[in-house]
Structure formats: C-alpha cells, structure tokens
Amino acid sequence: MLVGSSIRRVAIIGGARIPFARSMGVFAEASNQEMLTASLKGLVDKFNLRGEVLGDVGAGAVLKHSKDFNLTRESVLDSGLAPETPAFDLQRACGTSLDTAIVLGLKIAVGQIDSAIAAGVDTASDVPIVYPSSYRKVLLRSARGRSLGERLSPWTSFRPSFLKPQLPGVSEPRTGMSMGQHCEKMAQTWQIARADQDQLALESHRKAGAAWDEGFYDDLVVPFRALKQDNNIRRDTSIEKLAKLKPSFAANGTLTAGNSTPMTDGSAAVLLASEEWAKARGLPVLAYLTYGKYAAVDFVQKEGLLMAPAYAAPRMLADAKLTLQDFDIYEIHEAFEAQVLCTLKAWESAEFCRDRLGLSAPLGSIDRSKMNLKGGSVAIGHPFAATGARIIATLAKQLAQRGGGRGLISVCTAGGMGVTAIIER
C-alpha cells in the first residue's frame, strides 16, 4: 500500500552545505557531482550515517550535463552512505530542494520510508555547452549509416557555423525575457522603489555577515576547495555604494547587481526522518516539516513571472488554518529584492487578495524584523537547486535555538511557479 496505517510527523534532523561561491571563481572547476557529494558527506559525517541505508535520497540541479542523468545516485555512492541507499533526481528550478523535501516528507509521513535526505546543487561555472541542432543531426545521421558511404554522406552538408557553441539560455522560452527583465516589469506594476530594494539588500548582507560572525553557520557549512565561508557577503556595503550601481535589466530600471542574486555555485542537503528513526539513533529533532504547497501563474498573459508564491502561501495558510501573522520567522527567498517586495505588497493589497485570491480581506503585513534573520539569497548567494535545502536547515536551527516557534518558507521559481512550506517546533 502507498499509505500506511497512521500519519507520522516529519522530523528535520539538520543540514549541511558547502559554502556558496560566486560563479567563475573558486568553484569554477568543480562539477555538480563533486559539490553535491561534498554536502552529502558533510551530512553523513555530522550525523554519523556512514554505512547507513536510508529510505531515499532526492536531489537535483537546474544547470545539468546530460552525463549527469543519475546525478543523485552517483553522488550517494561516493557519500559514505550504504550503496543500498536508493536515490532519484528531481528538478523544479529554484524550488528544487524545497520541493524534494516536501516529496520525501510525504513518504515519511505515510510510513513508506523512515529516513531521507533532500538536497540540491548548481554551478553556473561548469554549464553544459551544446552545438546547433544542425550539427547534431549530421552526427546522428552519420551514426545511423550502415555503410561507409552512408556514414560519410551526411557530412557533405556540414558548415563551419555548425561549430558555434550555444550556451544555456537564461530567458523564459515563452517570452524570450530574462528573469530580471520579468521582475523589472513586476517592480513597475507594483511600484517598488529602488531605494527600498537597496535597503533590503543592505539588510541581507548585514544579517548574513552577523550570522557568520556569531558562529551560526559553523555547524551548517563544511569547507570545500579551501573555501570556508560564503564569499558573496559584502560586510562593507552601504546604501551609498548600492545606490551607485547601474540598472542591470533596463536603462531606467531599478534592479541592479546589488539588489539581485549573483550567479552562484554550491550545494546543500538536509536530513529528514520519522521521530522513531531519530530516537533510535540518538539524533535530536530540530523542528518538523508540517505543510507544503505549490502554485503556478500565467506569466505570459496575466501575472508577473515570480508572483506564484503570493498564491501558494495563502492556500497553504488555509490548509493549516493559520494567518500570515502567525509566524515567528519568515524565510522569503530573495531572487531579487523587488520580487520579495512585490509579494509582500500583494499580500497587503485588498484588491489583489479579493480579485486574485478570492479572499474577503487582505492577508496583511508581516513583521519585517522577523524576515531572513540570518541573511537572504542576495547576500549568501543562490545556487538554484540548493537554496531550498539551505533555507530549511537555517530555519530549523533557528527554531531549535528559540526553543519553539513557527516559520514560513517562500520560494519563487522560473516558469512562473512557487513553492512554500511551514516548519514548526
């Protein structure tokens, strides 16, 4: 049966990740498999899992070579876990590892498995480079040839232009616009000021720097390739410095390199389990993954590309019978600070909540002093598939340190989707 006899709580035991690094830098020669393996090893060592057979391991990458068709399984085989531990790949753009945690959490909740790791990895340094389809067709026609003549004849159509490489696109296939260009339109629609974006970016860097300085990340991050800390954090930035940066996506725009996430390399992993499994191994439970929700928007005709969390969160709140204010910590992924501010403004809007969400009243404001307390993606960095696992581990540790509480996670993704979750202790 797919469903067990009872529903169990999904325990978050803890997380491990490698430092997040700006792309084309210190991790430029590292592959997705190397980085994912490093995070898994960090988790194995942290919780003494060497030789353990886990119920499942799920992970993924957004920018992925075709040779990495079994990326997670290959990484598991080098992680120190028992080779009998199964693994699978999943990809939902920037929501990949949060989505994976929800999927694995459901398996634990219904008794299908007792333990799991949710993880994610991405590198913008070692991206897959392909050649035009015309060249690929020549190669394939040649490979299908049964005689020497049949194998050689396709090459008569070869042109030097076939060898011009094609880098992975960063634009939405249906619009041809980059995520930044889409978010610039959102900022215009919701009238998000440049100064407000820069202020949020400044706070992100200050909080992340302070978290590192106080030792918060010491047991969450394992060194990799001589790097011990996230290297995008700017402790010396200021409003004045941020204000001097030029717009990145439109001549008269408000999004800059300072208030947008940088291209980042890194990986992160988090250990989930049933309470019984954790107790049997003497492992403490930091918090529990209690709710998750997805949403998608028609970003071609109706809505901003990164607005889906504005829809997913209220549906999740309805499931949990909670209000937006019933949280002690908010972890809202900073793809762009404008995106965060658009989402918050939508929840405060009576018109949006009535016409788009079907609510009788606005969700209201959140206490900004409770948001992204240990820094957000603009400061820490954003290896696409790894961000969800980073946030889960960070939030669970904060709740454990508090001795209790409730946290909301919101992640926007490419393709006009959003993933949200609730963690409680």
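Gln398 is placed in helix α14, where helices (H or I, at least four residues) and strands (E, at least two) are DSSP runs numbered from the N terminus. The structure is a predicted model, in which local features need pLDDT of at least 70 and side-chain atom pairs count only at pLDDT 80 or more, while totals for chains, interfaces and linings use all residues. Residues are numbered from 1 along each chain as its sequence is written, and side-chain values use heavy atoms, with hydrogens and water left out.

With a relative accessibility of 4%, Gln398 counts as buried, the classes being buried for under 20% relative accessible area, exposed for over 50% and partly exposed in between (1.4 Å probe, protein chains only). When its neighbours within four places in sequence are left aside, Gln398 is in contact with Phe216, Ile329, Glu331, Leu373 and Lys374, contact meaning heavy atoms within 4.5 Å.

Helix α14, which comprises residues 387-402, also packs with α3 at an angle of about 65°, the two axes lying 5 Å apart. Here axes are lines fitted to C-alpha atoms, for helices over the stretch in contact, and angles run from 0 to 180 degrees between N-to-C directions. On the α3 side the contact is made by Ser97, Leu98 and Ala101, and on the α14 side by Thr387, Gly388, Ala389 and Ile392. By class, this contact of α3 with α14 has four nonpolar, three polar and no charged residues, where Ala, Val, Leu, Ile, Met, Phe, Trp, Tyr, Cys and Pro count as nonpolar, Asp, Glu, Lys and Arg as charged, and the others, Gly among them, as polar.

Ser97, one of the α3 residues in this contact, belongs to the helix that spans residues 96-109 and, at 0% relative accessibility, counts as buried. The side chain of Ser97 reaches the backbone nitrogen of Gly388 at 3.2 Å. If residues up to four places away in sequence are not counted, Ser97 touches Ala118, Ala119 and Gly120, together with Ala385, Ala386, Thr387, Gly388 and Ala389.

Helix α11 (residues 337-348) packs with α10 (residues 308-320) at an angle of about 50°, and the axes of the pair are 9 Å apart. That angle makes α10 oblique to α11, since angles under 35 degrees count as roughly parallel, over 145 as roughly antiparallel, 65 to 115 as roughly perpendicular and the rest as oblique. The passage of α10 across α11 is a right-handed crossing; a crossing is left-handed if the near helix is turned anticlockwise from the far one by less than a right angle, and right-handed if clockwise. In this pair, Pro309, Ala310, Ala313 and Pro314 of α10 meet Thr343, Ala346 and Trp347 of α11, and the residues divide into six nonpolar, one polar and no charged.

Helix α6 (residues 179-189) likewise packs with α11, at an angle of about 40° and with the axes 9 Å apart, and α6 and α11 are therefore oblique to each other. The crossing of α6 and α11 is left-handed. Cys183, Met186 and Ala187 of α6 make the contact with Ala338, Gln339 and Cys342 of α11, and the residues of this contact divide into five nonpolar, one polar and no charged.

Several loop residues were also examined. Arg356 is found in the loop between α12 (350-355) and α13 (377-380) and, at 42% relative accessibility, counts as partly exposed. The C-alpha atoms of Arg356 and Tyr311 are separated by 8.2 Å, although the two residues are 45 residues apart along the chain, and their side chains make a polar contact at 3.4 Å. A polar contact is a pair of N or O atoms within 3.5 Å; within protein, one must be able to donate a hydrogen and the other to accept it, and residues adjacent in sequence count only if both atoms are side-chain atoms. Not counting residues up to four places away in sequence, Arg356 touches Lys302, Glu303, Tyr311 and Glu351.

Phi of Asn48 is near 55°, a positive value in a residue other than glycine. Most residues other than glycine have a negative phi.
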